[in-house]
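Subject: Structure handover

Hello,

Here is the structure I said I would pass on. My notes on it follow below.

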Amino acid sequence: MRVVFIVVGLLAIVGLLVHGLWSLRRNSPAKIRNRRSPAPKKRATDPRADEPVIEPAEPQVESEPVVPATPPQQASLLNDEPVTAPSRRPAQSRAPRAPRQEPTLGGDQIELGFGEPERSDEEEAMAPISLKELEAELAREEAREEAREEEQAQQSRAAPEAKPAAEIETAPEPVAEPAPKAQAAPAEPADPTDVLVLHVVGKSGPIAGAELLPNLLTMGFKFGEMEIFHRHQNSAGTGPVLFSLANMEKPGTFNPDQMEQFTTDGVALFMTLPCKGDPRVCFSMMEGAAKGLADLHDAEVLDDRRNPWTSQTQEGYVARIQRAEQPA
């Protein structure tokens, strides 16, 4: 399809060229002159034709410089209308022109405001400043700044001297702050009067040390004195000991390095009364830890006589706590 369009375009261009050449040959200049030249007319016989003609003398006038005539327009090859040559206008006499007078600035013009305009304050401020003027202005500004600083320094030095004596005399005396009261050291617990014990015993077999150690660490127990585990007030192992955990089997201690091969029938949790803290809170935490270990190791909770843990046993432990809290 593209080739067809190219061929059609070339044919159209060739046709236009042929038509143009044919038109140029048809309208050649020779044919146009033959077509446009009129037939010669016969001159009428006039007896006065042979007489010399005397033309009246024209007055000599100053003529303007002759402007060159524009060349005649070329005859169009496509139009048959004759082309008329431009006619020359006869030179006309012109009066000599008066010399041009330059306008002068008179007094009236000055009064009307045609003189030099007055510069406003803003224009004067925006006028360019020379380098010398700028340096002088900077020097003056620095001198004013130094004088201002010196004046301020003198005023600051003179201020304490000018302070009236009455103000000095009536100055408030510093009030001695009361010494902070020494915080009373926490009272050391008295000799233990009772020990609350809970046992956690496996139901179907011994408790493995490999499982017991990570569970104790998760609950906040730390291995410490007497080679047993202790639960401190803070889970990080700081603060007073709330309750402890020992091995039910003799000698009742643990060896953390051999916990992988260690097994036991059960563990014992115990706390002394009175304790360093609220005994009710400490007992509640110890009971929760015993029940948690029992759930993790398929064991059961027993009291200090190795009887099953019941609500009546719990009430008996609470009563023992109340008796320990009563003053002797």
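The expected span of a helix is 1.5 Å times one less than its number of residues. The model is a predicted one, and helix H9 (residues 311–325) can be set against that rule: with 15 residues, H9 reaches 21 Å from its first C-alpha to its last, close to the 21 Å expected.

Four residues are listed as buried in H9: Thr-313, Tyr-317, Arg-320 and Ile-321. Seen down the axis of H9, the buried residues fall within an arc of 100°, so they line one face of the helix. That buried set packs against strand E1 (194–202), strand E7 (266–273) and helix H8 (279–296). Gln-312, Glu-315 and Arg-323, on the other side of H9, are exposed.

Next, the nonpolar cores. The largest has 31 residues, and Leu-245, Leu-269 and Met-271 touch the most other members. Elements giving two or more residues to this core include E1, E7, H8 and H9. H8 gives the most, with seven residues. Met-271 has contacts that include Val-195, Leu-242, Cys-282 and Met-286. Another core, of five residues, lies apart from the largest one; Val-197, Val-201, Met-248 and Ala-268 are among its members.

Last, a loop residue. Ile-228 sits in the loop between strand E3 (221–223) and strand E4 (229–232). Ile-228 is buried, with a relative accessible area of 5%. Among the residues that Ile-228 touches are Phe-223, Leu-245, Phe-254 and Phe-270. Pro-256 is 28 residues from Ile-228 in sequence and 9.7 Å from it in space, C-alpha to C-alpha.

Regards

Methods: Residues are numbered from 1 along each chain as its sequence is written. This is a predicted model: local features need pLDDT of at least 70, side-chain atom pairs count only at pLDDT 80 or more; totals for chains, interfaces and linings use all residues. Side-chain values use heavy atoms; hydrogens and water are left out. Buried means under 20% relative accessible area, exposed over 50%, partly exposed in between (1.4 Å probe, protein chains only). The arc is that of the directions from the helix axis to the C-beta atoms. Contact means heavy atoms within 4.5 Å. A nonpolar core is a set of buried Ala, Val, Leu, Ile, Met, Phe, Trp, Tyr and Cys residues joined through side-chain atoms within 4.5 Å. Lists of a residue's contacts leave out its neighbours within four places in sequence.
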